Amino acid sequence: MTQPSASERFDWRIWLGLVLTGAWLTLGGAYISASIGWGRVGSLDAATLGNFLEGAFAPLAFLWLVIGYFLQRKELEQNTEALRAQSLEIQRTADQAIIQSERMAASERHAHQEAFLRLADTVGNQLGAIAGLLFVSSQGANADGSVSNEEMSKLFSTASAQDPEIFSRRLLELHLRESDPGKRLDLFYGTEVRARHTNNFIHTCERLFARAEEVDSDNILRDALMASGHGFVYRVMKLHQANAPRELADMRVTGTHIDL
């Protein structure tokens, strides 16, 4: 740490006070020599000497009182300025901390969303498999036989390789082509097996939607899922679930999985 210079250690007011004090003492000494005499000062009585000293040093006391006041005010101004600078630094540090915490929160949200997208891909494949089982139960060779085993095999190959929503789209096509409300309901809740597949699909979708809302407060991810093929089938299933018999619609009664 560098040592302060003489001009920094002594304010100009101190120098002025010293000069005036020296001049005042010089004038006082000259006055004593000319008017009283140094030999007679010692013979003055205490009251007279006290009055003389009081009159002689009162101006000096007042002078240094004024100088002290201005010096103290300057020091207070410096302290106030230092406190202001410290306050600005604290505010700047707090702002930096807020920015850093926001960046960390954004990074954490991004990491959660990345993890969710990976999860959504896996769940999407799972939903594709469930939709495929539901499609087989209504359109396969053991149902009405409208789709051959060979074509069903090709559909499953396509679903596992590149398009997990192919069965959801086929179910939507069947639903839209059918005008009879009863047959539309049968597509999803016509048998206990279909009801289990449908309930499983709904249950899986709703858990995925709930996870999407946890990582995305704007619900952009949830809206994107709802606009997918799986999402449209989910909405159709929910409409039919409300009209299906209780023993089939209530997944606590019917269940969601089939033991193979």
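The following legends describe close-up views of a predicted model.

In this predicted model, local features require pLDDT of at least 70 and side-chain atom pairs count only at pLDDT 80 or more, whereas totals for chains, interfaces and linings use all residues. Residues are numbered from 1 along each chain as its sequence is written, and side-chain values use heavy atoms, with hydrogens and water left out.

**View A. The nonpolar surface patch.** W24, L25, L27, L53 and F57 form a nonpolar patch of about 480 Å². Patch members have over 30% relative accessible area and no salt bridge, nonpolar side chains (Val, Leu, Ile, Met, Phe, Trp, Tyr) being joined within 5 Å and like charges within 9 Å; a salt bridge is a side-chain nitrogen of Lys or Arg within 4 Å of a carboxyl oxygen of Asp or Glu. Areas follow the Shrake-Rupley method with a 1.4 Å probe, and for residues only the protein chains shown count as cover. Helices α2 (12-36) and α4 (46-139) each contribute at least two residues, and α2 gives the largest share, three residues. Helices are DSSP runs (H or I, at least four residues), numbered from the N terminus. L27, in α2, counts as exposed because its relative accessibility is 57% (exposed, over 50%; buried, under 20%; partly exposed, in between).

**View B. L20 and L60.** L20 belongs to helix α2 and is partly exposed, with 38% relative accessibility. Its C-alpha atom is separated by 8.4 Å from that of L60, 40 residues apart along the chain.

**View C. The largest nonpolar core.** Among its 39 residues, F116, F135, F167, F188, Y189 and F201 touch the most other members. Elements giving two or more residues include α4, α7 (181-189), α8 (192-215) and α10 (229-241). Such a core is a set of buried Ala, Val, Leu, Ile, Met, Phe, Trp, Tyr and Cys residues joined through side-chain atoms within 4.5 Å. Beyond neighbours within four places in sequence, Y189 has contacts (heavy atoms within 4.5 Å) that include A195, I202, M237, H240 and L248.

**View D. Buried polar side chains.** D163 lies in the loop between α5 and α6 and is buried because its relative accessible area is 18%. Its side chain makes a polar contact of 2.2 Å with the side chain of R169. A polar contact is a pair of N or O atoms within 3.5 Å; within protein, one must be able to donate a hydrogen and the other to accept it, and residues adjacent in sequence count only if both atoms are side-chain atoms. Q139, in helix α4, is buried at 9% relative accessibility, and a polar contact of 3.4 Å joins its side chain to that of S138.

Methods:
Buried < 20%, exposed > 50% of the residue type's maximum accessible area, 1.4 Å probe, protein only.
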